[in-house]
Amino acid sequence: MLNVIVTAAVLIVNFILQSTVLQLISIRGVIPDTAIAVIVSYALLRGQNAGAATGFAAGLIYDIIFGNSLGFYALMGLLVGYFCGICHRNFYRENYVLPVSLSALSTVITGLIIYVTGFLLKNNYDFFYFLFNVIIPQAVYTGIAAVVVYKILYSINNRVEKKERERRRLF
């Protein structure tokens, strides 16, 4: 139960920071997608189910506030969390390479899906502009932000797991 409360608080704080403070550090109109960094971090630290649940919740929050339709970003977050959680068992938690690379890769894949569903279907064929001015800079920026996000979530997760172990101890 503690894990659910902490995850919900992290998602709400992330959403508030992403929609306010991170707008101030945009580079050419691009901000890091810290929601993807949070989803990837939870997927690597807690596994596929927790990653999928976190991704669904983060996407649902985004859908409710910014989305045109309910469920699109929730589905993308769920898939990102689930597929990134595959690496959970063979992952050395103190290594920052995998969270950074998976966050950047997830941002690229998510950006390509958004392009195909959002722009291409509206007869906007300027793919290379979107790729080089939005997708790739956002992926690099998200990868850099993932270092900070993962470090914070790693320490939070260690404290939550310690509390869960203490609570389950009978003697």
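This note sets out points on the fold, core and salt bridges of a predicted model.

1. Overall architecture. The secondary structure of the protein consists of six helices and zero strands, and the order along the sequence is α-α-α-α-α-α. The radius of gyration is 16 Å, close to the 16 Å given by the globule rule for 171 residues, so the protein is as compact as a globular protein of that length. The C-alpha trace spans about 65 × 30 × 30 Å along its principal axes.

2. Contacts and surface. Of the contacts between residues at least 6 apart in sequence, 71% join residues at least 24 apart. Buried residues account for 38% of the 171 residues. The accessible surface amounts to about 10,200 Å², and carbon and sulfur atoms contribute 68% of that area.

3. Nonpolar core. The largest nonpolar core comprises 23 residues, and Val10, Val38, Val40, Tyr42, Cys84 and Leu153 have the most contacts inside it. Two or more residues are supplied by each of α1 (2-19), α2, α4 and α6. Helix α2 provides the largest share, namely nine residues.

4. Surroundings of cysteine 84. Leaving aside residues up to four places away in sequence, cysteine 84 touches Val40, Ala43, Leu44, Leu102 and Ser106. Among these, Val40 is, like Cys84 itself, listed with the residues that have the most contacts inside the largest core.

5. Salt bridge between glutamate 164 and arginine 46. The structure holds two salt bridges. In one of them, the side chains of glutamate 164 and arginine 46 meet at 3.6 Å, N to O. Because glutamate 164 lies in helix α6 (residues 127-168) and arginine 46 in helix α2 (residues 34-46), the pair ties together parts that are 118 residues apart in sequence. Glutamate 164 is buried, with a relative accessible area of 12%, whereas arginine 46 is partly exposed at 22% relative accessibility.

6. Salt bridge between arginine 93 and glutamate 161. Here the side chains of arginine 93 and glutamate 161 meet at 3.1 Å, N to O. This pair also links distant parts of the chain, 68 residues apart: arginine 93 is in the loop between α4 (72-84) and α5 (97-119), and glutamate 161 is in helix α6. Glutamate 161 has 18% relative accessibility and therefore counts as buried, the limit being under 20%. Arginine 93, at 22% relative accessibility, counts as partly exposed.

7. Helix α6. Glutamate 164 and glutamate 161 both lie in helix α6.

Technical notes:
Residues numbered from 1 in each chain as written. Predicted model: local features only at pLDDT ≥ 70, side-chain atom pairs only at ≥ 80, totals over all residues. Heavy atoms only, no water. Salt bridge = Lys/Arg side-chain N within 4 Å of Asp/Glu carboxyl O. Helix = DSSP H or I, 4+ residues; strand = E, 2+ residues; numbered from the N terminus. Buried < 20%, exposed > 50% of the residue type's maximum accessible area, 1.4 Å probe, protein only. Core = buried A, V, L, I, M, F, W, Y, C linked by side-chain atoms within 4.5 Å. Contact = heavy atoms within 4.5 Å. Rg over C-alpha atoms; globule rule 2.2 N^0.38 Å. Areas by Shrake-Rupley, 256 points an atom, 1.4 Å probe, with all protein chains shown as cover.
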